[in-house]
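Q: I have a structure open here and would like to go through it with you. Can we start with whatever you have on how the parts sit together?

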Amino acid sequence: MTVRFVGAGPGAADLITVRGRDVVASSPVCLYAGSLVPEELLEHCPNGAKLVDTAKLTLDEILAEMLAAHEAGLDVARLHSGDPSVFSAVAEQMRRLDAAGVPYEMVPGVPAFAAAAASLNREFTVPGVGQTVVLTRTSARATPMPEHEDLATLGRSRATMVLHLAVNRIEELVKELVPNYGADCPVAVVANASRADEIILRATLSDIAEHVRAAGIVRTAVVVVGKVLTASEFPDSHLYSAARCRDL
């Protein structure tokens, strides 16, 4: 028996990977967060599979379901939105599975920031403009951020920044980011990326907060900050240059 943490993707049901879909289709037990994982994905579950919505369960209750499946010799598909390597809270689940001697695997998925980039039709690493992407969040009502991971410190490089779980603090974000990025820095907010109810806002740090409040966006959104969002004058990548092709 194995627990497989499956990245269910950012929202659109067809953005789960083939491997993830196959894991779901072969697992007699499926744990999923009903508030984040599209119901269409559950159609891949085998007939008679046990489906458990974990949206309102505690960590101990979720682990109890996994351990019960382990004792019964049943594989578990544990669906997490996006990719399980980022902001998925799988680390504490894996720690408990280690302690219980239960084997597990991770199946990667399409992360929210990648879905946002696709919706914006932008590359987040543009030659001569930005070659680094910072993925972060804010503490607010969540787990406190580690020391030296505050926005003022992270923003000193002026790298492209993608903020998760932070749109409800948009005014505070602006205050912390403006000193490094400038009030005229381009910003995009993508809510429900890849879903039918997706909302895209484009503005600058000076006015993004009013746009977010007017749109009523309070959750399930990423905030992207950086000059790559509007860059049009930049050198071509060396990847396809004549000089590189001659050297091959």
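A: Start with the charges: across the interface of domain 1 and domain 2, zero salt bridges are found. Keep in mind that this is a predicted model.

Q: What does the side of domain 1 that touches domain 2 consist of, by residue class?
A: That side of domain 1 has five nonpolar residues, one polar and no charged.

Q: And how many residue pairs are in polar contact between domain 1 and domain 2?
A: The count is three residue pairs, both residues at pLDDT 80 or more.

Q: Back up a bit. Where do the domains run?
A: The domain assignment puts domain 1 at 3-107 and domain 2 at 112-230. Six residues from domain 1 and ten residues from domain 2 make the contact.

Q: How much area do domain 1 and domain 2 bury between them?
A: About 720 Å², with 64% of it on carbon and sulfur atoms. On the domain 1 side, Pro10, Leu36 and Phe87 supply 64% of the area buried against domain 2, more than any other three residues.

Q: How far apart are the C-alpha centres of domain 1 and domain 2?
A: They lie 28 Å apart.

Q: New topic, aromatics. How many pairs does the rule count?
A: The count comes to one aromatic pair. The rings of Phe5 and Tyr104 have centres 6.2 Å apart and planes at 75 degrees, so the pair is edge-to-face.

Q: Which strands do Phe5 and Tyr104 lie in?
A: Phe5 is in strand 1 (residues 3-7) and Tyr104 in strand 5 (residues 104-107), so the pair ties together parts 99 residues apart in sequence.

Q: Last one: where is Gly182?
A: Gly182 is in the loop between helix 6 (170-181) and strand 8 (186-191).

Q: What does Gly182 touch?
A: Leaving out residues up to four places away in sequence, Gly182 touches Leu177 and Leu205. Thr204 is 22 residues from Gly182 in sequence, and their C-alpha atoms are 9.1 Å apart.

Definitions and conventions
Residues are numbered from 1 along each chain as its sequence is written. This is a predicted model: local features need pLDDT of at least 70, side-chain atom pairs count only at pLDDT 80 or more; totals for chains, interfaces and linings use all residues. Side-chain values use heavy atoms; hydrogens and water are left out. Domain bounds come from an automatic or database domain assignment. Contact means heavy atoms within 4.5 Å. Buried area is the accessible area (1.4 Å probe) that two parts lose on being put together, summed over both. A salt bridge is a side-chain nitrogen of Lys or Arg within 4 Å of a carboxyl oxygen of Asp or Glu. A polar contact is a pair of N or O atoms within 3.5 Å; within protein, one must be able to donate a hydrogen and the other to accept it, and residues adjacent in sequence count only if both atoms are side-chain atoms. Ala, Val, Leu, Ile, Met, Phe, Trp, Tyr, Cys and Pro count as nonpolar, Asp, Glu, Lys and Arg as charged, and the others, Gly among them, as polar. Rings of Phe, Tyr and Trp (its six-membered ring) pair if their centres lie within 6.5 Å; planes under 30 degrees apart count as stacked, over 60 as edge-to-face and the rest as tilted. Helices (H or I, at least four residues) and strands (E, at least two) are DSSP runs, numbered from the N terminus.
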